[in-house]
Amino acid sequence: MLWISTFIAVERVKNEAGIHKINVQVQGQHVAGSPYQVTVKDHSKGGPEKVLVYGPGLHEAVANEKAKFEIWTAQAGGGKLAITVEGPSKPDINYVDRKDGSSSVSYVVTEPGQYEVGVKFDEEHVPGSPFNVNATGIGTGPTFPRVQILRGKSEPSKVKTSGNGVISGKVGEECLFKVNCSGAGSNMLVVGIVGPVGPCEDIFVTHNDNRCYNVKYVPKETGEFTVIVKWGEENVPGSPFKVQIS
């Protein structure tokens, strides 16, 4: 009876950033392609997992109207950002870098349907990406008269934010703050929170009367958190807030 023993040797990649080799051998002989060359990236001080993406344009859109979302890369370090929108139509994408670690993205789809928005940092998807977007409205087939909806003047500078949740907090405990937009005109409140490891996933915003909001989040690690509060596309006074979590 012939007994065949197969041995596979794998050389572990060092826990260091850079280019490394992996040797794969069978019975002392390299398999085809071995040694393999791999690139190990150092994400200890940044990386795609520390990119925060938020905004209505990641979930819904209306045909022939701008869909918008925000990207926060201040804690991700240096890297290449790539944005894609795929679906029934080919939209134009507008990207604005504010040079402060934040950027704004808008796109316009011309047909309703299901779209996929992808955000990559250094060729890797950021948390939550790809995002599924449901686009409603009327496509560019037949033309119909458009109705413009007039809104009151938006004044982000008149938004008032208060509470310990924009100052300090403790791990595992609720952090609360209030946002008073009653004197800021008509617009949409946008809240984003990112910690030392990545975006805070559990954020709860409750709308009270007269454009007043309660915001609650639960940090899961210690360190400095960044709380972003916007009224429409502009930061409110004090935002982004630096919050120390102990």
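Asp97 and Lys99 form a salt bridge (a side-chain nitrogen of Lys or Arg within 4 Å of a carboxyl oxygen of Asp or Glu), with 3.8 Å between the closest N and O atoms. The model is predicted, so that local features need pLDDT of at least 70 and side-chain atom pairs count only at pLDDT 80 or more, whereas totals for chains, interfaces and linings use all residues. Residues are numbered from 1 along each chain as its sequence is written, and side-chain values use heavy atoms, with hydrogens and water left out.

Accessibility is classed as buried (under 20% relative accessible area), exposed (over 50%) or partly exposed (in between), with a 1.4 Å probe and protein chains only. Asp97 is partly exposed at 37%, and Lys99 is exposed at 71%.

By the salt-bridge rule, the count is six. Among them, Glu70 pairs with Lys230 at 2.8 Å, N to O. This pair links strand E8 (residues 67-72) to strand E21 (residues 223-231) across 160 residues; strands (E) are DSSP runs of at least two residues, numbered from the N terminus. Glu70 is buried at 6% relative accessibility, as is Lys230 at 2%. A further salt bridge joins Glu174 and Lys216 at 3.5 Å, N to O. Shared partners unite Glu70, Arg98 and Lys230 in one network.

Asn134 lies in strand E14 (residues 131-136) and is partly exposed, at 36%. Beyond its neighbours within four places in sequence, Asn134 is in contact (heavy atoms within 4.5 Å) with His59, Glu60, Ala61, Gly113 and Gln114. The C-alpha atoms of Asn134 and Ala61 are 6.3 Å apart, although 73 residues separate the two along the chain.

Methods:
Helices (H or I, at least four residues) and strands (E, at least two) are DSSP runs, numbered from the N terminus.
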